[in-house]
Amino acid sequence: MYMQADLNVEEDEDSQVTFGGREGIIFAIDAQASMLDENEGKEANLRLAMKAIEASMRNLIVSNQKDLVGIVFYNTVHSPKSRFEAESVEIVVPANMCILLPMDTSSVENITYVRNFHESDDLFDFSTRYGSCSDAKFAEMLWLCMRMFQKCGYKLQSSAIVLFTDCAQPHPPNSHEQQQAFVKAKDLNQLDVEFTLIPMQEDFDPAPFYREFICTAMDIDMEHFELEAAVRDIEAISSRIYKRNFRKRCNTHLKFHLGDDLELSVGVYSSVRHVKYPKSLMVHRNTNEIITRKRVQEIQNTDDGTTVPLLPHQQKKCQEIGGKNIVFTTQELATMKTLLPAGIRLLGFKPRSSISICNYLKHGAFLYPDEMRIAGSTKLFRALWKRCLDRQKVAICVLTLRHKATPGYVALVPQDNAFHDGDQLEYNGFLIVHLPNRDDVRDFDAFNPEETSVTAEKNELFENMVRKLKFRYNPKDFNDPALRNIYSTIEAFAFKTEKEEQEDTTLPNTEYQDSKIADIVSAIAEEFGQLSTITKRKAVESSGNARESARTTQDGPPAADEAAILEEFRNGREEKLTVSTLRSYLQQLGISGISGAKKATEKEEQEDTTLPNTEYQDSKIADIVSAIAEEFGQLSTITKRKAVESSGNARKTARTTQDGPPAADEAAILEEFRNGREEKLTVSTLRSYLQQLGISGISGAKKADTTLPNTEYQDSKIADIVSAIAEEFGQLSTITKRKAVESSGNARESARTTQDGPPAADEAAILEEFRNGREEKLTVSTLRSYLQQLGISGISGAKKAVLIDKIKAHHDL
């Protein structure tokens, strides 16, 4: 059996590396009394640590939801079992410690448990259930963490311990317990366990203990040791934990061949990697079980209909060339791809200026020495890096990333440490830049662009524009708005909370930009006279799609073709006209109130073409109906069909008699209300009776919610009690009374007002927010209430952007 072979597959999978094993993180929290102190109006450090852990667990779901997380308390009086007893039964917990959360993946259940823990007033009765002391041994806490790594049940690619504490010295100097802790630090270094300290005190001094401990565990020179300052911001703490996830994620380890008998070991790291969007899965309609797919190739016998599985070694691949299929075996394809073994081979050196940004092929990687495989690689790597950096040279090499991968030319660009606003953007090492081959470069000479002579004054205008709009770019200042919106929606559904509004940091501040280049735009309009209109940015009126900004010119939108539109209406083809064309034509006519209107004229629903033409039918059978009226004299009225005036329910036709609609039985209806059986009455009966009473505004109204109380009856029963409460509690200026629900649009919400009416909006505070450019923080209800105070109508159902524009127009803001 032959299958089409794809011989031109690009090696884009280099950046999407699947790491072997998982990462395990254990959060160790010091539970002594100082971590629970909530005096002076500040939040307890233990509660703050749990909030940071919850945020970190939510970040782990985004980065790698298969990573394992555990939480340990030490310096506790009691050692209660975890709520997941079956998972922690194999581990012996030392004294004055406990496992709050065994090693497990970040799930909705675990995150909800951590959230409920720090949101509870007493932290799940922490003083009684756990207690606080300072008798725990630091070495035993580290032993418990390493034991949890061993018993997690998975192969761990890397392990990490994150410690939250406000105690700078857990044991006295030169004590036996301190010496045991330093011995465990060496064990962490040998087992390649990363240790991170999060100080929870502003004046935290690591010198007595943690400076030497961390340098020993992480193999850091004590002269270069720096401890990050203590912070009490949840986002800063969780970001600090989140960033360390990528510290030891090595894509692959290769040999760097400098010559025939000279090579060193290096590791390749991804400097930039696209974050994958959550993948959708197919589930069973009835059971919600995940459906897995398995591809099986079979050969069917046409004679008897039997099938035989086709194994991989029985398959061959082919490529059609010149109308002929060229057949290859799998071994031949593997031999064609294996040109060079995996590794990096040095070809020579070129000036750094020879690497142009126009030669960008795909995002590169970062090269760093690996001392674990070849001793002395760091010194040799540093010597090569330092020489290239001083002489502004790049190393041209051939890179084969893995076995059977296509070799490619790369340039190793040396880079030094670079910082911006406290964040490190570049590191010491080589940046791998992929170089295009001859076949990858496109030729644009065929376009033959005409040279346009531009004066120096015109060039200077745009140079000034570029200079004024220049800013320092930092990729950490921008988040993916689509990705954040997706995960925000998923979290809202998973944790049953309200969705958080995400700010799109990629949108420019157009008002600030326009203020910077207003004079330049005017000068450009004067200098380039051949432009009839100058395109200007218009503020985005709606945030529904943050990627699209509405732009209009000075001449306004293009005029609609009135003759063509009326011709369509005369021929009965008005449904073929688009919504934008109709709205543009109505705007030309000066008709307002069409913002957000749908295509249908009076109703949102479309006309039901299955309804009969009743007028035509009545004209055809008028004489027959008259004969029936004479023959059946017992009928006082003859029921005739009335044309359907509304297409709200396309399957039902409204029928009336010559004497009008049948009168509702008032006595029977009132009898049902007196006996409390009004819910048995149909909507049509209730609407008919209200029409008899002359009550309007009931079109489309729903039936009352049976869960709402009978407030009039309740008020009549407790009227004397309410009066007594008013006399007893004289400090109440008004007594809140229930107001009957005027609308059943939301049957779960009852409108309640006081005798003084609804609370007035704070005009001074609202205008202050507008002057400071923070009007987006005001709620829709606040904006609508303020507009009602101003007597502005037409705001019912309006969106937030429309309400803001009306306030700005009223005050000329």
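Reply: Two strands pair if DSSP finds at least two bridges between them. Helices (H or I, at least four residues) and strands (E, at least two) are DSSP runs, numbered from the N terminus. The model is predicted: local features need pLDDT of at least 70, side-chain atom pairs count only at pLDDT 80 or more, and totals for chains, interfaces and linings use all residues. Residues are numbered from 1 along each chain as its sequence is written, and side-chain values use heavy atoms, without hydrogens and water.

Me: How do you know that E14 pairs with E19?

Reply: Three bridges join E14 to strand E19 (residues 429-434). At least two are needed, so they pair. The two run antiparallel. Phe366 has Leu431 in E19 as its bridge partner.

Me: Why is strand E14 called mostly covered?

Reply: Buried means under 20% relative accessible area, exposed over 50%, partly exposed in between (1.4 Å probe, protein chains only). In E14 (residues 365-369), four of the five residues are buried.

Me: Why is Glu527 called partly exposed?

Reply: Its relative accessible area is 36%. That lies between 20% and 50%, so Glu527 is partly exposed. Glu527 lies in helix H13.
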